[in-house]
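Let us walk through this structure step by step. Keep the sequence and the 3D view side by side.

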Number of protein chains: 2
Amino acid sequence: MATQPDTGPSAEIIADVFQRGCTSRQVLETVTGRWGVLTVAGLRDGAIRFNALRRRIDGVSEKMLAQTLQALERDGIVIREARATLPPHVEYRLSELGERIADRLIGLIEVLEDSVPEVTSAQQNYDARD
Amino acid sequence: MATQPDTGPSAEIIADVFQRGCTSRQVLETVTGRWGVLTVAGLRDGAIRFNALRRRIDGVSEKMLAQTLQALERDGIVIREARATLPPHVEYRLSELGERIADRLIGLIEVLEDSVPEVTSAQQNYDARD
DNA sequence: CATTGCACTAACAAAAAGTTAGTGCCAACA
DNA sequence: TGTTGGCACTAACTTTTTGTTAGTGCAATG
């Protein structure tokens with residue numbers, strides 16, 4: 001996925017997720033981190049509040065959700081909007097980049113959900129062999 | 001991502017990555033685990049031997065690569081072919097399911113690689129604000 | 001002889017995730 | 001009145017996962 005520089009006046013920046021130091025590697029690690037995919041996918045239907053998102057994603061803790069949203073916000077994938085109220089009122093939504101990423105993640109999720117019978121069968125074969 | 005059962009004679013199995021116990025959640029965790037995405041993407045161009053794949057993915061250890069390939073093989077995403085030789089000769093390639101998954105991952109990777117300037121800018125803004 | 005390549009695994013250390021408790025305000029309920 | 005729940009986080013500590021290092025036995029090379 002490395003892009004080659006143009007020989008023209010505006011050279012493209014080379015980005016390559018396979019390279020450890022590349023920013024695209026870091027963003028990949030944020031998006032595919034422990035709760036990244038489900039968090040981005042959970043924002044797919046529009047702005048949502050913190051605890052609603054948490055209830056949407058079975059198994060995530062407040063701590064891990066907060067941490068994940070922070071990292072996604074820092075990378076420009078998620079936008080956080082807070083009101084000066086008590087109790088707090090915070091909404092999260094996807095940026096334009098976040099929407100592009102979410103499209104790809106939904107595609108992946110659909111493939112995985114459709115593949116459950118194949119996977120279950122494969123796991124049984126693998127476990128029976130070892 | 002939950003699919004509703006048909007009312008017809010062949011009901012669909014409900015799969016939902018947002019549910020902790022669902023097999024699709026487990027596969028998602030395998031594919032998007034620490035080295036899962038890069039491993040599947042590294043297999044995209046066809047069968048490859050262990051150390052060639054390791055050299056392809058900057059930063060992965062033999063241990064983590066072996067562990068990742070094992071998990072992917074168990075889920076039916078990767079096929080491992082070993083010859084009875086010394087030194088060992090082992091090749092890995094994607095299954096049909098693995099190919100479908102790789103297509104989606106390549107799409108994600110392309111979005112992320114193209115987004116490096118936006119991300120860099122967003123990170124600087126975020127860090128300057130805090 | 002030592003080194004390299006092959007594809008892993010065992011033992012231990014470091015890093016990340018998970019669990020629990022806490023913050024202060026308001027509203028609802030017993 | 002006191003208690004509970006809701007809100008959106010964070011601190012302190014525990015558990016799990018990842019990373020580092022050493023090891024396996026054979027053949028080829030310098």
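This is a predicted model: local features need pLDDT of at least 70, side-chain atom pairs count only at pLDDT 80 or more; totals for chains, interfaces and linings use all residues.

Strands are DSSP runs of E, at least two residues long, and helices are runs of H or I of at least four, both numbered from the N terminus. Two strands pair if DSSP finds at least two bridges between them. One bridge joins V78(A) to L94(A) in β3(A).

Now widen the view. In chain A, 3 strands form an open sheet in the order β1-β3-β2, with antiparallel pairing. The edge strands are β1 (48-49) and β2 (78-83) of chain A, and each pairs on one side only.

Next, turn to DNA strand C. Around it are 22 residues, and W35(A), E62(B), R80(B), P88(B) and Y92(B) come nearest. A residue is near the strand if one of its heavy atoms lies within 4 Å of it. Which element gives the largest share of this surface? It is α4(B), with 4 residues.

The side chain of R34(A) has an N or O atom 3.1 Å from a phosphate oxygen of DNA strand C. For the side chain of R55(B), that distance to a phosphate oxygen is 3.4 Å.

A note on conventions. Residues are numbered from 1 along each chain as its sequence is written, and chains are lettered from A and ligands numbered from 1 in the order in which they are written. Local features need pLDDT of at least 70, side-chain atom pairs count only at pLDDT 80 or more, totals for chains, interfaces and linings use all residues, and side-chain values use heavy atoms, with hydrogens and water left out.

Key:
A polar contact is a pair of N or O atoms within 3.5 Å; within protein, one must be able to donate a hydrogen and the other to accept it, and residues adjacent in sequence count only if both atoms are side-chain atoms.
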